[in-house]
Amino acid sequence: MTGDPAGGAVPSLAGGSERPPVAAFDVALLDLDGVVYVGPDAVAGVPDALAAARKAGMRLGFVTNNAARTPEEVAAHLTEMGVAAEASDVITSAQAAASVVAQRMGTDVRVLAVGGPGVAAALRAAGLTVVERAEDDPEAVVQGYGREVGWPQLAEAVVAVRNGARHVATNTDATIPSPRGLLPGNGAMVGVVRDVTGQQPLVTGKPDPAMHAECVRRTGAQRPLVVGDRLDTDIEGARRAGAASLLVLTGVTDPPALLAARPDHRPDLLSADVGGLLTAHPSVVADEGGGWTCGTWHAAGGGDRLVLRRAAPADGASDDDGLDGLRVLCVAHWARHPGEGTAARVSAADDDAGQALQTWGLA
C-alpha cells in the first residue's frame, strides 16, 4: 500500500507513511536490547522520543526476548533511564516459556531453570516447581539468557534433556548488542545443549507471535506497530502477528543484512532510531525506466548490480534522516528478488552515493 496506514492497513517500505507513526498507530510494541537501551544505558535520544510519542497519544508496550530479569526489574531499569514503565507494560520471553510449559504439561511438573533470575521467577509465577539439578527429575528444562550461565548449568540441562526432559528455549538469538559490540546471546548457549543432546528445543519467544499477541491484549491495541532491531525475531514476529513493523539501526541489524533480508524479514518502515516514531516516512516511487526514486536518491539495475546516484544536488536534499538512499536500495533490490533473500551488489554513480555506501558498509 502507499500513503497513510490508516484503518488497520499495514504500510510498506515502498509506500512509506504520510503521517508520523505516532499518528497512524495507537500502540508501539518495543523491543528493548538494541532499541531502547544497549547494555546498561539508554540509546541516545530514546527517552525523549518515547516521552514525545506518549504525549502525542501513543501507548507503549515492551516486548523482550531477554529472559534474565523479571518484569519488575525491567520496568525499574526503564524508569531509571527516563522511560516510565510498570511491570504490566513488560512481556518477557521467560513469561512466554512458563505459559507454554504450564499449558502443555500442566502446573504440577518440575522444571529445571537455566538462566538469569527472570527465568525461575516466571516459572514460579506460573505455578510451576523450579528445581536446580537433573537428579530432581525435571519434566522440562527452560533455558533463557543469564550472564551467570556457565558449564555447571549447561551440564545439568544436558543431563536432564538426555534423561527425557523437554528442552524449552525462551529464544535463540545468537547475539546481544553491547557497548563492546555483539556478544553471545541465549541462542549460543541453547546451541550447546542442542548439539550435545541432539534434541531440538521448543522455542517460545519471538518470532512466535504469542508475545506480541499478549502485549496487544494487555494494551487493547487496534493498530500496533512493532519496533525492533532484529530481522529474525522482531520483524518476522511482527509479520507472523499481522502487525506493521519499524526497524531501527541502533542494534543488531546493519544495512548489508537489511538488503539481504528474505521476504518475511523485510520491515515496513525504517529509521535510524526510535525517533522514527515521530516523523513521516517517505515513499519509494518506481519510474518508467525500471528504476526507483526516494527523495533525492535513485537506484536502478545495472547487470548484476544496483547503481545508486543522487537524483538532485545535495543542497536540495529533502531526506531529513539520511536513510532515503538506503530505502531506495532496499525497494529496488527486493523488487529484483521478490521471493528470496540475497546479498546486494551496489555501485555508486557519484561521490555522494560513494560516501553513502561507505557509511552503510556497502562499498
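How many bridges join β16 to strand β17, and do the two run parallel or antiparallel? The legend to the first view gives the answer. All views are taken from a predicted model.

**View 1. Strands β16 and β17 in an open sheet.** Two neighbouring strands, β16 and β17 (residues 292-294), are joined by 2 bridges and run antiparallel. Within this pairing, Val285 has Thr293 of β17 as its bridge partner. The sheet to which these strands belong is open and has 5 strands, in the order β16-β17-β18-β19-β20, with mixed pairing. Its edges are formed by β16 (285-286) and β20 (346-348); each has a single partner strand, so one side of each is left without a neighbour in the sheet.

**View 2. Helices α11 and α12 lying across sheet strands.** Helix α11 lies across β17, β18 (297-302), β19 (305-310) and β20. The angle at which α11 runs to β18 is about 30 degrees. Helix α12 (residues 351-359) lies across β18, β19 and β20, and runs at about 140 degrees to β20.

View 3. Arg327 and Asp324 form a salt bridge in which the closest N and O atoms are 2.8 Å apart. Both residues belong to helix α11 (residues 324-336) and are separated by 3 residues, about one turn of the helix. Arg327 counts as buried because its relative accessibility is 1%, under the 20% limit. Asp324 is likewise buried, with a relative accessible area of 3%.

**View 4. Further salt bridges.** Side chains of opposite charge can pair when their charged atoms come close. Across the whole structure, 17 salt bridges are found. One of them joins the side chains of Asp136 and Arg133, at 3.9 Å from N to O. Asp136 is partly exposed at 30% relative accessibility, and Arg133 is also partly exposed, with a relative accessible area of 42%. A salt bridge also joins the side chains of Arg230 and Asp232, at 3.6 Å from N to O. In this pair, Arg230 is buried, with a relative accessible area of 8%, whereas Asp232 is partly exposed at 33%.

View 5. His212 is part of helix α8, which spans residues 210-219. Its relative accessibility is 2%, and His212 therefore counts as buried. Leaving aside neighbours within four places in sequence, the residues in contact with His212 are Leu29, Val63, Lys206, Val226, Asp234, Gly237, Ala238 and Ala241.

View 6. The structure holds 0 disulfides. Cys330 is buried at 0% relative accessibility. Cys215 also counts as buried, with a relative accessibility of 2%.

How values were computed
Residues numbered from 1 in each chain as written. Predicted model: local features only at pLDDT ≥ 70, side-chain atom pairs only at ≥ 80, totals over all residues. Heavy atoms only, no water. Helix = DSSP H or I, 4+ residues; strand = E, 2+ residues; numbered from the N terminus. Buried < 20%, exposed > 50% of the residue type's maximum accessible area, 1.4 Å probe, protein only. Contact = heavy atoms within 4.5 Å. Salt bridge = Lys/Arg side-chain N within 4 Å of Asp/Glu carboxyl O. Disulfide = S-S within 2.5 Å. Pairing = 2+ DSSP bridges. Axes fitted to C-alpha atoms, helices over the stretch in contact; angles between N-to-C directions.
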